[in-house]
Amino acid sequence: MLNSIAGSLVELPVHWGTDDWPPFAQYDEIGYMMPAAGPSRGLEGFWEGFEAQFEAGGLWLAIWHPFLTGRLAR
């Protein structure tokens, strides 16, 4: 229950462009099979997005799924 926590809960919107699902997910069960890419290839877009937001003084939120980029190969 949130009543015992001081403060407020804030939900920040995210964008699919900062989600690790598009470059790394492979789920035949739902017909979503991206070609296997090395970690550096898959993370290029994330770094470019982060650098652009940093230079602009913006907020960059990433979505990392432990079963995708959290694997040892990543």
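Modeller: Helices here are DSSP runs of H or I with at least four residues, and strands are runs of E with at least two. By that rule this predicted model has two helices and two strands, arranged along the sequence as α-β-β-α.

Colleague: Happy with that! Why is D20 called buried?

Modeller: Buried means under 20% relative accessible area. D20 has a relative accessibility of 0%, so D20 counts as buried. As for its place, D20 sits in the segment before α1 (21-24).

Colleague: And what makes the pair of D20 and H65 a polar contact?

Modeller: The cut-off for a pair of N or O atoms is 3.5 Å. The side chains of D20 and H65 meet at 2.5 Å, and the pair is listed as a polar contact. Beyond four places in sequence, D20 is also in contact with other residues, including F46, W64 and L68.

Colleague: What is known about the chain as a whole, in terms of buried residues?

Modeller: Of the 74 residues in the chain, 14% are buried. The accessible surface comes to about 6,100 Å², with 61% of that belonging to carbon and sulfur atoms.

Colleague: Which element supplies the largest share of the lining of the largest pocket?

Modeller: That is α2, with four residues. The pocket has a volume of about 170 Å³.

Colleague: How does the lining divide by class?

Modeller: Seven residues are nonpolar, three polar and two charged. Gly counts as polar in this scheme.

Definitions and conventions. Residues are numbered from 1 along each chain as its sequence is written. This is a predicted model: local features need pLDDT of at least 70, side-chain atom pairs count only at pLDDT 80 or more; totals for chains, interfaces and linings use all residues. Side-chain values use heavy atoms; hydrogens and water are left out. Buried means under 20% relative accessible area, exposed over 50%, partly exposed in between (1.4 Å probe, protein chains only). A polar contact is a pair of N or O atoms within 3.5 Å; within protein, one must be able to donate a hydrogen and the other to accept it, and residues adjacent in sequence count only if both atoms are side-chain atoms. Contact means heavy atoms within 4.5 Å. Accessible areas come from the Shrake-Rupley method with a 1.4 Å probe; for residues, only the protein chains shown count as cover. On a 1 Å grid over the protein atoms alone, a cavity is a set of points where a 1.4 Å probe fits but cannot get out, and a pocket is an open set with protein on both sides within 12 Å along at least five of seven lines; lining residues have an atom within 4 Å of a point. Grid points are joined across faces, edges and corners, and a volume is the space filled by probe spheres set on the points.
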